[in-house]
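Me: I have a model open and want to learn how to read it. Can we go feature by feature?

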Amino acid sequence: MNIVVPVKMVPDLVEELEVDATGRALDRSFLKLRINEFDEHALEEALLLKAKHGGTVTVLALDTGEVDETLFTCLAKGADRAIKITGQFQDGVSSHAAAAVLARVLGSIPHDLILTGVQAADDRDGQVGILLASTLDLPHVSVVSGVEPAAGGKAVTARQEYAGGIMAELEVDLPAVLGIQAAREAPRYAPVSKVRQVMKTQKLEEVAAPAVEVGAGSTVSRLAKPETGGRAEILEGSPEEVADRLVAILAERGFAKR
Amino acid sequence: MANDIAVVIEHLEGKVADISFEMLGKGRELAKASGGQLLALLLGHGVKGLAAELGCADGVIVSEHETLRHYTPEAHKQALAAILKARAPRVTLVANTAMGMDLAAGLSGSLGWSLCAYCRDARLTDGRLTAVSQIYGGKLLADADVEGPSTILSILAGSFPAEAGKAAGNPRVEEVPPPPLDKPRIRFKRLIQPEAGDVDITRQAVLVSVGRGIQSKDNIPVVEELAQALGGALSASRPIVDQGWLPKTRQVGKSGMTVKPKLYVAVGISGAPEHIEGMRGAELIVAINTDPNAPIFNVAHYGVVSDLFDVIPLLAEKLKASK
């Protein structure tokens, strides 16, 4: 089975996010990017499927900046190929545009199964995997955890997670696109030494992004932190003082004794 | 028609999901602004009876067929695409849920209509549509001017009051058979109910919930101590369960459980929208996080900006001593 995993870089949400002077976009000057965490799950699921059933894993990424190390890390984890799609993506790219580019690039890459992260922190105009599937007219299922080959390799069984812990088991003909919520195992870790070694011994493939047209979209007019009426009362002081305040608050409501 | 507002009704096992009523309420407001009708789109098999609950709408379009009996993204998307193409409503609201996600983006891709995802709000002013999306893990809101005569919005659960969409009424019901789907590429096999046996976190009065801030599985006992001191149970946000540190039965949030305990202590949880969706109904929420801008503080009643390892063990100790 030829598995393709498109990955994308997103702002690291652990860091403070600043809005730029226009008030419409992120200030990218100090922005720290990292691989979308759901894409790490998609890669892990792909690598687990490969280990158990054979096949290849190809990782794709649009060059939105800081992408090389991420792609080398994917190779260090066990991906067979890593392809960087170059173009004018430094200021970010809409999901519709990313999907259109990926669809064209996939024309020359064998793909039975495309695994993407279920969503990303910045996919304001929709999830890339689903848009990609629609462009390629492939079946798609999102919020998937657990993928197994079925029907003699012509299909996969995917578990789609609903609310309340209920799951649906669906059989999906290949080729298909699945949006991975969680891999069966926690994403593996590639030690820095291994990534360094891969950087010396392996090369990233590069493909120039083809020109694409996208239809009607939307333009951000304002980007801001949410204004909240009901913001928490923040308890200040030393850990000792804070703990005492919390005990008092909890005691007042009957959750503790004073 | 071009001014209508459509709402895709989500339902599972014969029950209309609350998010559907939230969207009907919002849809009513948008229809007033657009001067069009509010249409509820109801797909399934043997679901016509549910139309009686959708009194908020002016009309219910029912599409019933054996292929729609169980939800699959393919069959439901195809049936919806046919209806939407024929009616071309101004705005179509779809839930940003496991079911709705494939439909919203899939319809945008198939129909070529614009899409704004993760919407918390939407406004129509003189025919112009503004959508407010909650992105970057809930840290920022983006207002966007939306292009195109028809737009799809995927709506985050908990954005609007469900009550507003539960109005009684007598909408006309119109039956529209779906186009044939001879060779489905996605086939429903079965529904899997959650495993029983572990603690049922939906029935606990006190939950102490642990998130990514705990850093390692070895640190989980630190939070477990606090749960014990409060006589409550341990629950978790999604990353903890994805790592395999706690079982799925303990997961609070969109793809886990919705909980409404009397006390919810969020430890090292930043509060992504998917998590908040599952716990915002708790009576008292206390949050501890190192990031003062963590969205969890927007729903918590009391907040502590601190390293959890400085405060949690001390708090557990003091609570135990006070007993």
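This is a predicted model: local features need pLDDT of at least 70, side-chain atom pairs count only at pLDDT 80 or more; totals for chains, interfaces and linings use all residues.

Me: How many helices and strands does chain A have?
Reply: Chain A has 13 strands and six helices. Its C-alpha atoms fill a box of roughly 65 × 45 × 45 Å along the principal axes.

Me: What share of the contacts in chain A comes from residues 24 or more positions apart?
Reply: Start with contacts whose separation is 6 or more, then ask which of them join residues 24 or more positions apart. In chain A that share is 70%.

Me: Where do the domains of chain A run?
Reply: Domain 1 of chain A spans 2-208, and domain 2 of chain A spans 225-258. Their C-alpha centres lie 40 Å apart.

Me: Which domains make up chain B?
Reply: Chain B divides into domain 1 (5-175) and domain 2 (201-321). The C-alpha centres of these two domains are separated by 32 Å.

Me: How many residues does each domain of chain B bring to the contact?
Reply: A contact can be counted from both sides. Domain 1 of chain B gives nine residues, and domain 2 of chain B gives ten.

Me: What kinds of residues does domain 1 of chain B place on the side that touches domain 2 of chain B?
Reply: Sort them by class. That side of domain 1 of chain B has four nonpolar residues, four polar and one charged.

Terms used:
Residues are numbered from 1 along each chain as its sequence is written. Chains are lettered from A and ligands numbered from 1 in the order in which they are written. Domain bounds come from an automatic or database domain assignment. Helices (H or I, at least four residues) and strands (E, at least two) are DSSP runs, numbered from the N terminus. Two residues are in contact if their C-beta atoms, placed from the backbone, lie within 7 Å. Ala, Val, Leu, Ile, Met, Phe, Trp, Tyr, Cys and Pro count as nonpolar, Asp, Glu, Lys and Arg as charged, and the others, Gly among them, as polar.
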